[in-house]
Amino acid sequence: MAGAQSYTPAPENLKAREWFQDARFGMFIHWGVYSVLEDGEWVMNNRKMPISEYEKLPPKFNPVKFNAAEWVALAKAAGMKYITITSKHHDGFAMFATKQSKWNIVDATPYKRDPLKELAEECRKQGIKLFFYHSHLDWTHADYYPRGRTGQASGRPQSGDFNKYLDFMDAQLTELLTNYGPIGGIWFDGWWDKRDANWRLEQTYRLIHKLQPAALVGNNHHVKPFEGEDFQMFEKDLPGKNTAGHSADSVIGNLPLETCDTINKAWGYNAKDKSLKSTKDLIQYVVRAAGYGANFLLNVGPKPDGTIQEEFTVRLKEIGQWMKANGETVYGTRGGPVSPRNWGVTTQTATKVYVHVLDWQDEMLAVPSLGKVKNARLLNGQKVEMAAAGSGVMFKLPGQRDALDTIIVLDKQ
Ligand code: H79
C-alpha cells in the first residue's frame, strides 16, 4: 500500500502470533443462507440470481438444530484449537446481529437468533479461540460500486458510493470486535474481486488493531502480505505453492502461516459433492502443513438445519484420535531443520526434532543435516538405528510401520 505507515504489532499481538503458531490446527466453518440451496456458497453468482431471487432464501433459513456447544465440542474432539466462521460471505448476508442493515440472520430469518454470539460464548467456555471470516466482496450491497469481477447479475442500479460501503464494512467489523468478547482475528476474503480499488485497508486494519490489539489480521487476497497483516494465508495450497491459483507464489517475510482446505470440494454445504478426502489424507495434510511451519484450517459447511454431516464428523473424530496420540509432534512445533520433502517433513520444538515419514517404502532413509541430534526412537520409545551418512544421517526404519506417519523422535544436543 503506497504511503502506508509502518505497522508495529502490539506486544499482545506478537504473543497471539505465537499462540496461533502453537495451535497448528483449526476449524473453518462456511455457513450462510446459501446452505438452503445445498449448492455451495457461490450459488448466487453461479446461477446468476438477482437479489430479488436470493432474498427468498433467508425466510427459508431456520437452523433449529444448531447447537453451539456441539460444534465447539466437535472441533475439540478433532484436536482443533480455534474456529474461523463466516460472519459475512460474498452474498453480504450477516450471520450475526448487526445494526448496519436488515440483511442479517436476526432480522431476516425465522430463526431470529445470533449464532455467532452463542458460538463465542461456547468457545470461551470450552477454551477455543474464535476468528471471523469477513468478505470484502459483497454481491448485494448497493454501494459496492463500481462492481467487481463477480456478482454482476444481482440487478443493482449502476451507481453507488464505495466509501459508504467501506464505512458500512468498518461498522460491522466494529460490532464484531466489540460485542463478542476477545476475538482471535479477522480473516478477509474477496479483495481480488476489485484488485485496483482503494480498499482503505490501512484504515480498516488500524481499526481492528485499535479495538483488539491481540486480534490477528489475515487476508486471502492471493498476493503477498500487505502492511498491517499478522499472518500470511494460502488457499488449498501449502505455503509457497500456488497450484490452485488462490495464493501468493511465495512466503514473504516471517509472518505466521496458515493454509485452508475443504473435506470434499465445497466450502458451503453441497449435498451432491461426495468427493471426500480420506482421514489419512487430512491427517497427512496437517502434518505436512506443520512441516512447512503452517497451520491447517480445515473446513466444514454445516447444513441448513444447523447440523454437520456425518461424513465430516466421522473424519474429524478420527483425526482427533490421531492428534491425541501424536499431537506433541505437531502442536507447539515449528518447521524442522530439513525443509519439506516428498517422503515427509520435519518439525521441531526447543528440545526435540520430529521426522515424519509419510510416504517411503524402503527400509533405509537418508536425511540431510538434521543438526546435532541423538537418541533416535519412535514415540513409544522403540529405538531407531541411525548412522552418519555424508553430511546427514541414515535411518533404518522399523519393520512395523505406520502407513500414515512413522514418526522418529530425536533429542537436540
Ligand atoms: O470462502 C471460500 C470461497 O468461497 C472463497 N475462498 C474460500 C476460503 C473463494 N472465492 N473464490 N474462490 C474461492 C475461487 C476464486 C476464484 C478466483 Fe477469480 C479466480 C478469484 C480470482 C481468480 C473468479 C475469477 C473470480 C475472479 C476471477
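# Notebook: burial, ring pairs and cores

I started at A290, which sits in helix α9. Helices here (H or I, at least four residues) and strands (E, at least two) are DSSP runs, numbered from the N terminus. The model is a predicted one: local features need pLDDT of at least 70, side-chain atom pairs count only at pLDDT 80 or more, and totals for chains, interfaces and linings use all residues. Residues are numbered from 1 along each chain as its sequence is written, and side-chain values use heavy atoms, with hydrogens and water left out.

**A290.** Is A290 buried or exposed? A290 is buried, with a relative accessible area of 1%. I then listed contacts, meaning heavy atoms within 4.5 Å. Not counting residues up to four places away in sequence, A290 touches R24, V330, T333, R334, G335 and T347. I also checked A290 against F234, which is 56 residues away along the chain. Their C-alpha atoms are separated by 14 Å.

**Domains.** I looked up the domain assignment next. It gives domain 1 (11-333) and domain 2 (344-412). Such bounds come from an automatic or database domain assignment. The C-alpha centres of the two domains lie 36 Å apart. Across the boundary, 14 residues of domain 1 are in contact with 15 residues of domain 2.

**Nonpolar cores.** I took a core as a set of buried Ala, Val, Leu, Ile, Met, Phe, Trp, Tyr and Cys residues joined through side-chain atoms within 4.5 Å. The largest one has 89 residues. I83 and L316 have the most contacts inside it. Helix α7 gives the most to this core, with eight residues. Leaving out residues up to four places away in sequence, I83 touches M27, I29, V72, A75, C123, I128, K129, L130 and F131. A second, separate core has 17 residues, including L365, V367, V373 and V384.

**Aromatic pairs.** I paired rings of Phe, Tyr and Trp (its six-membered ring) if their centres lie within 6.5 Å. Planes under 30 degrees apart count as stacked, over 60 as edge-to-face and the rest as tilted. How many aromatic pairs does this rule give? The count is 29. I opened F28 and W267: ring centres 5.6 Å apart and planes at 75 degrees, so the pair is edge-to-face. F28 lies in strand β1 (residues 25-29) and W267 in the loop between β7 (257-262) and α9 (279-291), so the pair ties together parts that are 239 residues apart in sequence. F28 is buried at a relative accessible area of 1%. W267 is buried too, at 9%.

I went on to Y144 and F162. Their ring centres are 5.8 Å apart and their planes at 75 degrees, so this pair is edge-to-face. Y144 is in the loop between β3 (129-135) and α7 (162-178), and F162 is in helix α7, 18 residues away. Both residues are buried. I noted K194 beside them. Its charged end sits over the ring of Y144, 4.8 Å from the centre. The charged end of K194 also sits over the ring of F162, 3.7 Å from the centre. The test I used puts NZ of Lys or CZ of Arg within 6 Å of the ring centre and within 35 degrees of the ring normal. Elsewhere, ring pairs link W19, F20, Y82, F131 and F231 into a cluster.

**S135.** I found S135 in strand β3. At 0% relative accessibility, S135 is buried. Its side chain makes a polar contact with the side chain of H90 at 2.8 Å. A polar contact is a pair of N or O atoms within 3.5 Å; within protein, one must be able to donate a hydrogen and the other to accept it, and residues adjacent in sequence count only if both atoms are side-chain atoms. The S135 side chain also reaches the backbone oxygen of L137 at 2.5 Å. Beyond four places in sequence, S135 is in contact with K88, H89, H90, Y165, M169 and D189.

**H221.** I placed H221 in the loop between β5 (216-220) and β6 (232-235). H221 is buried, with a relative accessible area of 1%. Its side chain joins that of E229 in a polar contact of 3.1 Å.

Definitions and conventions
Buried means under 20% relative accessible area, exposed over 50%, partly exposed in between (1.4 Å probe, protein chains only).
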